Amino acid sequence: IFIQYTFAQNSSTYFIVYLKDKANSNYSIEQPEKFLSTKAIERRKKQYISITSNDIPVNKQYIQAIQLQGVKIVNTSKWFNLITITNVNSNQLNAIKTFSFVKEVQEIKVQPSTTIHPKFELEKETTEIITSSINEKQTTSFDYGLSYIQANQIGADCMHNLGYTGSGVTIAVIDAGFMNTHILPTFDSIRTNNQILGCRDFVTGDTLVYEDYPHGMNVLSCMAGNTPGYLVGTAPKANYWLLRTEDIGSETPLEEIYWAIAAEFADSVGADIINSSLGYSTFDNPADNHSFADMDGNTTIITKAADIAASKGIFVTTSAGNAGGPPWYKITAPADADSALTVGAVDSLGVITGFSSRGLTFDGRIKPNVVARGHQTRFATSFGGFTQGNGTSFSSPVTAGAVACLWQANPTASNMDLLYAIQQSANQNTAPDSIKGYGIPNFCLANTLLTSIAQIDNEIGFNIYPNPVSNELTIQFLNKLKTEQAIITIYDALGQVVTSA
C-alpha cells in the first residue's frame, strides 16, 4: 500500500483581521435557527444556555468590504469576530487597516516543511504493528481483544454491559487527518450505519480528510473502531464529525484559529462532545511561542475557544500533551481550559508515563483532570492492521468515548454535571495532584453518582442555570421547597465551601 501525506507546498503570509463589532448584522439572537442547527439549539435549551452575540456570524458587509480589496478570504470566526486573509500586498493591507470596523491586524507566516512535525514523533516512533488477537476472551458485551485493558481501566466496558455504547451522542473529532477511514474494515460499522455525519478540512477549506495524515484516524479508532477480537472502541455506536485543523508540516498560531473555527462548526451542527488530541506550546517561529504564563486558561485563542465551546453545552475532552519531559514539562494549550476535561496518560497498571504533560496550570488549577491509558494503547493503522502506541493523543479519545456512553445513560445531565461526576469517580478524587489530577475515572461509578443526583433533583425539584456559570447563578425550585426555607451551600472543584446562605 502506498501512503502519501499531504503537505502545503509554498510559504505563505496570513493576516488575522480582528473586527470591532457585529453592527447591522442580518442575523439576530431572536432567530437562532438561521445560523444554528436544531440540535445545537436544543443542546442549549436542555442546559439553560442563552443564545448570545458571539453566536451571530461575522458581518457579511465587513467580509465583502475586505474581499473587495482583492485579497483571499481564508475563513471567519464568529466567536472571536475575526477574518483570516492571505494574498495581501502592502497597499491592500494599509487600506484594510483604515476601515472603521477593523480593530487590529495580526501577521502569521507559514513556512511549510516536508517532514512530520516533531510533536507527532512520540506516537510514531513507539508503535509496533500487531495483527494477532488476544487469546483470552472477556465475559463482556464485546470481544475487545487487546483493547480490553484500556476500556476496562476506566469502566467503559461496564457501561457497555449496561447497554450504553454512545448511541445518539455526536462526537466531533478535531485532529490532523483521517487517512483511509473510508476504507478501513474496522470502521465498516460506522460507515454502514451512517455514523459519520460529515467531514471538514479547515486547513485546505474543503471536505477531503481521508487522504491526509492518519493521526485523526488512529484517534477515532480508540472510540469508533469495531473489529471483534482485535479492537473495540469506547463509543462504537456514537455519531462522528471528522474535522481536520492540524497541518503536520508546520506549527503556527494559524492552527489554533483553525481549531477555534472547527469548534464553532461542531457547535453549529449540534455536536455533543469535542475530542481534541492536539496541543500547542512552541511554534516554527520562536517569536510565536507560548510561555508557561500563557497556560492560565485565559490567554491562548485555542484555550478560549475550548471554554466557549463548553459554555455552549459541549463536553470538551482534550489531551494533556506529550511534553512531560524537558524542556517544557507542562500541559499544552488547550489543556489549560478550565471547562475542559484534560486527560493525561498512564500505563496498564495506572503508572503515569514520563511523557504525559504535568500541571498545575499557571494560575494554580488542577490539571490534568484525569488520566487513562496512553501507554501501549490499542488503535488501528492506516494499513488495515492494529498497533499499540504511546501518547495522551490516545488516552483522550479512550476517555471521550466513555463520556459519550455516560451522556447516553444520563441525557438530562449538563456537560459540567458529567465533568464533576467523572472527577468524583476517579481513584484519587480526595487528593488530586499535578500529575494525575483526580486520577483514573470509573465511568460506572460516575453513572451511579449522576443517577443518585438525578433522583434527588426529582424529589426536591430544582433547576440550576446557566451551566457553566459566568457572573450570575440562578437556582429555581419547582415543587417541595416552594414554601419552605432552604440552605444553599456552594463548593468549588476541590470540595471547599465557597459560600453558604
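Biologist: Where does Asn180 lie?
Modeller: Asn180 lies in the loop that runs between strand 6 (170-175) and helix 7 (188-192), where helices (H or I, at least four residues) and strands (E, at least two) are DSSP runs numbered from the N terminus. This is a predicted model, in which local features need pLDDT of at least 70, side-chain atom pairs count only at pLDDT 80 or more, and totals for chains, interfaces and linings use all residues. Residues are numbered from 1 along each chain as its sequence is written, and side-chain values use heavy atoms, with hydrogens and water left out.

Biologist: What is phi of Asn180 near?
Modeller: Phi of Asn180 is near 65°, which is a positive value in a residue other than glycine. Most residues other than glycine have a negative phi, and most peptide bonds are trans.

Biologist: And is Asn180 buried or exposed?
Modeller: Asn180 counts as buried, at 12% relative accessibility; buried means under 20% relative accessible area, exposed over 50%, and partly exposed in between, with a 1.4 Å probe and protein chains only.

Biologist: Which loop holds Asn81, and what about its phi?
Modeller: Asn81 lies in the loop between strand 2 (72-77) and strand 3 (82-86), and phi of Asn81, near 50°, is positive in a residue other than glycine. Asn81 is buried, with a relative accessible area of 9%.

Biologist: Switching to peptide bonds, which residues does the cis bond with omega of about 5° join?
Modeller: That cis peptide bond joins Pro326 and Pro327, and Pro327 lies in the loop between strand 12 (315-319) and strand 13 (341-346). The peptide bond from Gly359 to Leu360 is cis as well, with omega near -5°, and Leu360 lies in the loop between strand 13 and strand 14 (370-373).

Biologist: How do helix 11 and helix 12 cross?
Modeller: The axes of helix 11 (residues 392-409) and helix 12 (residues 415-425) come within 11 Å and cross at roughly 115°, the axes being lines fitted to C-alpha atoms over the stretch in contact, with angles from 0 to 180 degrees between N-to-C directions.

Biologist: Which residues make that contact?
Modeller: Helix 11 contributes Val403, Leu406 and Trp407, while helix 12 contributes Asn415, Leu418 and Ile422, contact meaning heavy atoms within 4.5 Å.

Biologist: Last one, how many helices and strands are in the protein chain?
Modeller: The protein chain has 13 helices and 20 strands, and 56% of its 501 residues count as buried. Among contacts between residues at least 6 apart in sequence, 74% join residues at least 24 apart.
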